[in-house]
Structure formats: C-alpha cells, structure tokens
Amino acid sequence: MYGALDISVSGMVAQRTRLLTVASNLANQHAVLDSEGNVDPYRRKMAMFAPDQAVGGRASRTGAVGVKVAEIAEDPSDFRAVWDPTHPYAIKESDPERGLEAGYVYYPNVNPVIEQINMIEAGRAYEANVAAAEASKAMLAEALRLLA
C-alpha cells in the first residue's frame, strides 16, 4: 500500500519541479543579457520526466513505478529575432555558427501562452496526484480498521 502512496508523492515532486521550471521561463521571458551582462538570450527550460523504479528512496518490491525528473533540458528552438539595428543589444557582427545575424535583436524562445498551458497542466496533474494519495491513505485506514 505504501508503494501507491510513494508513486503519488513522486508525481507531486515531479510536477512541482515542472512548475518551478515554468516559473523560471516566465520570469526570464524578456532576458536578453546573461549574468555577466553579455548579449545572450535566455533559453527556455523543460523538465524531462522518466520512470523511477526506486520510489520512496528504495527499490520497488512490487514492480510499482514512480516518476522522476531525469533532467532539465534546454529548448533548442530558435530565438525570436526582431530587426532593429539601432537597439543597444542588436548583434553587431553575424555569427553563422550560432545562427545570429547582424542588426537583429534576439529575444528568448519563451512563449507565455505555452508556458501558461504547461502551468495549468502541471497544476492539474499535481492535484490528481494529491487525490490519488488521499485515496491510498483512505484505503489503508479502512484496511487497518477492518483488521482491528
């Protein structure tokens, strides 16, 4: 019975990480400079999930599977380019290796609409895991009541 609870908890932890990733994306959707002040637009991050055979910090005896965040990956899609050669952050010289052209200002590849959809989806998945955890607790309580 604890395996079912561990699965729900692992889902809640994974969705919390996903929500934090979405929050980071939304907070940096206009960040054109890196931490040293160089022109280097923020690249959108994504939480990548994977099955986890070791739920609750131990190997599963029942074959139950949880979920874990395998990595926080960067979205390889292109930055949003806006032609404005007078902007102080416009690229001065083309850099074909990085796909940057002179005269363009490159903004992060964060779409706030997509991020809001991801936030709603992660919130609902978190709520579903909470409901599953509550159901597991109720079943365990009822089993203990029947045994007593």
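Predicted model: local features only at pLDDT ≥ 70, side-chain atom pairs only at ≥ 80, totals over all residues.
Visitor: How many salt bridges does a search of the whole structure find?
Guide: The criterion is a side-chain nitrogen of Lys or Arg within 4 Å of a carboxyl oxygen of Asp or Glu. Applied to the whole structure, the search returns a total of seven.

Visitor: What is the relative accessibility of Glu-115?
Guide: The cut-off for a buried residue is under 20% relative accessible area. Glu-115 falls in that class, because its relative accessibility is 1%.

Visitor: Which residues do salt bridges that share partners join into one network?
Guide: Through shared partners, salt bridges join into one network the residues Arg-44, Asp-75 and Glu-115.

Visitor: How far apart are the closest N and O atoms in the salt bridge of Glu-74 with Lys-45?
Guide: Glu-74 sits in strand 2 (residues 66-74) and Lys-45 in strand 1, so that the pair links distant parts of the chain, 29 residues apart. Both residues are partly exposed, Glu-74 with a relative accessible area of 48% and Lys-45 with one of 22%. The salt bridge has its closest N and O atoms at a separation of 3.4 Å.

Visitor: Where do Glu-142 and Arg-145 lie?
Guide: These two residues form a salt bridge whose closest N and O atoms are 2.5 Å apart. Glu-142 is partly exposed at 35% relative accessibility, whereas Arg-145 is exposed, with a relative accessible area of 53%. They are three residues apart, about one turn of the helix, and both lie in helix 2.

Visitor: Why is the pair of Trp-83 and Tyr-104 classed as it is, and what is the class?
Guide: Trp-83 lies in strand 3 (residues 80-83) and Tyr-104 in strand 4 (residues 104-107), so the pair ties together parts that are 21 residues apart in sequence. The ring centres are 5.2 Å apart and the planes meet at 70°. Planes over 60 degrees apart define the class, and therefore the pair is edge-to-face.

Visitor: Which aromatic cluster includes Tyr-106, and which residues form it?
Guide: Tyr-106 pairs with Tyr-104 in a tilted arrangement, at 6.2 Å centre to centre and 40° between the planes. Trp-83 is exposed at 54% relative accessibility, Tyr-104 is partly exposed with a relative accessible area of 25%, and Tyr-106 is buried at 8%. The one cluster is formed by Trp-83, Tyr-104 and Tyr-106.

Visitor: Which ring has Arg-43 over its face?
Guide: A charge sits over a ring if, for Arg, CZ is within 6 Å of the ring centre and within 35 degrees of the ring normal. Arg-43 lies at 4.2 Å from the ring centre, over the face of Phe-79.

Definitions and conventions: Residues numbered from 1 in each chain as written. Heavy atoms only, no water. Buried < 20%, exposed > 50% of the residue type's maximum accessible area, 1.4 Å probe, protein only. Helix = DSSP H or I, 4+ residues; strand = E, 2+ residues; numbered from the N terminus. Phe/Tyr/Trp six-rings, centres within 6.5 Å; stacked < 30°, edge-to-face > 60°.
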